[in-house]
Amino acid sequence: MVENKTLLQKIEDKTAVIGVVGLGYVGLPLAVEKAKAGYRVIGFDVQQKRVDMVNQGINYIGDVVDEELVQIVREGRLSATTDYDYIKDVDAVAICVPTPLDKYQQPNTSYVEGSARSIAKRLHKGMLVVLESTTYPGTTEEVVQPILEETGLKVGKDFFLAYSPERVDPGNKVYNTKNTPKVVGGVTPECTKVAAALYRAVLEGEVHEVSSPRVAEMEKILENTFRHINIALANEMAILCNRMGIDIWEVIDAAKTKPYGFMAFYPGPGLGGHCIPIDPFYLTWKAREYKYHTRLIELAGEINNYMPEFVVERSMKILNRYGKALNGAKVLILGVAYKKDIDDLRDSPVLDIIQLMEKNGANLKINEPHVPTFTLNGKEYKSEELTPELVEQADLVLITTDHSVYDYQMIADKAKVIFDTRNALKDVKEIRADYEKL
C-alpha cells in the first residue's frame, strides 16, 4: 500500500502543493478556493492568455471574486504556467479540462488523455490525481489509470487516483465551489480517504464518499440527465399548451404549490452550457457497450434540440399576423448567453436561433449586455446598445435570455410585438405591446 501519512500530514498542515490542470469555469474557482484555504497552488493551462491574466490577478470567470484573486496572487499562493514540468513539484493535482462531444455525439476524451499523459511524465510516489471533468462511467479507471500506470507506478501502491465531479452552476447566487457538497470516489479506499481529506480541508460543503470512481461518474451523469429530461418535459408541455391556448407558465406556477411530488422545471428556447446538453449523451454512448439504448435520454434530446426551431417557427407565425414575412423583418434578439446574468455562450441555443433567423432572411439586431462581441461561423456580431429607439424600430422583439439588467418596463412600453421565451415580463404590470410567451 501507498504510505499515505506524509501526504495526509501535508494536507492537514497545509504544506501540500496543489496543481490544477485547466483554468476555465471549473479549474480557476477550484484553484482559488484551494489557495484561499492556505495551500500553494499552481494552475496549468495551454492558453497563454489565461496564464498571463491569472499571474496579473486579472479575473475572467464570473464565479471568482476579483479581490480574492488579486490577494492570493499577490501573496504568492496562486500562480499559473503553461510549463507542465512544474507538475513534478505538486503533491496533488486535479484535472479540470473540457470533455466535449464530437460531431457524431460521442465523447471526446482527448483533453483528459492529454492531461493524464502530461501528469504521467511527472508522476511521483505518494501523489494524488483527481479527475473532475464530467465524463462517462469508467473513464477514471479505463482511460486515466492505464496512462498513469504506464510509468510503472501502481495505483493504491505508489500513487492515489480518484474521481470527484465538478458541480459548477455559473451565476448561482447561493451555491458556489466552496459551499456545494462534493462527491468523491477513489480507485481504492485509501485513494478515497486521501482525496476526501483534501476536499474537506478546502470546502465548506459536505464531502460524500462513494465506493468507486464509476459510482461518482454515474452520479454526475444522473444529476444532469435528471435536469435534461425534466426540461424536455417542460418544453414538450409548452409546445402542447401553445396549441391548446393554455399559459404553460401559469400551469407550472399552479403545480409547484404542491409541497411534495413536484419540482418546477421551466421551458425555454433550448439547452445551453457545457453540461446539460452534453453529459447525458456520454451515458447514451457508453450504454451501447452493454447493448442498451437509453431511449428516454435520446427522446429528451430530440425535444430540447427542437426548441430553437420551434422558437423561429413561432416567430414566423407571430409576424404573419401583421402581414410580415420573417424574410426582411427587423428582429431584435435580447440575450445570447445560455442563462441569465452570465457571459457564457457555450452551446447556447440562441446561437442556433441566430443562424436559423438569418437563414430565413431576418434582419437581426442583437443585444447581449455581458458579451460585447462574439463570433459565430466566422462572422462577428456586435451587441447593439439597447435604446428605446432600437426597441421601437423592431418588427419583433425576441427575448431569449432574461438578464436582470434589462429594463423590461421600457421594453414593454416601446416594443410593437414581443415574443418572450423566458417569461421575463412576468412582473411587468402593463404591457402595451402585442405580447406572446413561449
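Colleague: What does Leu128 touch?
Modeller: Leaving out residues up to four places away in sequence, Leu128 touches Leu7, Asp91, Ala92, Val93, Phe160, Val194, Ala195 and Leu198. Contact here means heavy atoms within 4.5 Å. This is a predicted model, where local features need pLDDT of at least 70 and side-chain atom pairs count only at pLDDT 80 or more, while totals for chains, interfaces and linings use all residues. Residues are numbered from 1 along each chain as its sequence is written, and side-chain values use heavy atoms, with hydrogens and water left out.
Colleague: Which residues of the largest nonpolar core touch the most other members?
Modeller: Tyr39, Leu78, Ile119, Leu128 and Leu148, out of 82 residues. A nonpolar core is a set of buried (under 20% relative accessible area, 1.4 Å probe, protein chains only) Ala, Val, Leu, Ile, Met, Phe, Trp, Tyr and Cys residues joined through side-chain atoms within 4.5 Å.
Colleague: And which helix gives the largest share of this core?
Modeller: Helix 7 (residues 189–202), with seven residues. There is also a second, separate core of 38 residues, including Phe310 and Val350.
Colleague: Switching to Ser348, where is that?
Modeller: Ser348 sits in the loop between strand 9 (330–334) and helix 12 (349–359); helices (H or I, at least four residues) and strands (E, at least two) are DSSP runs, numbered from the N terminus.
Colleague: Why does Ser348 count as buried?
Modeller: Because its relative accessibility is 2%.

Terms used:
Buried < 20%, exposed > 50% of the residue type's maximum accessible area, 1.4 Å probe, protein only.
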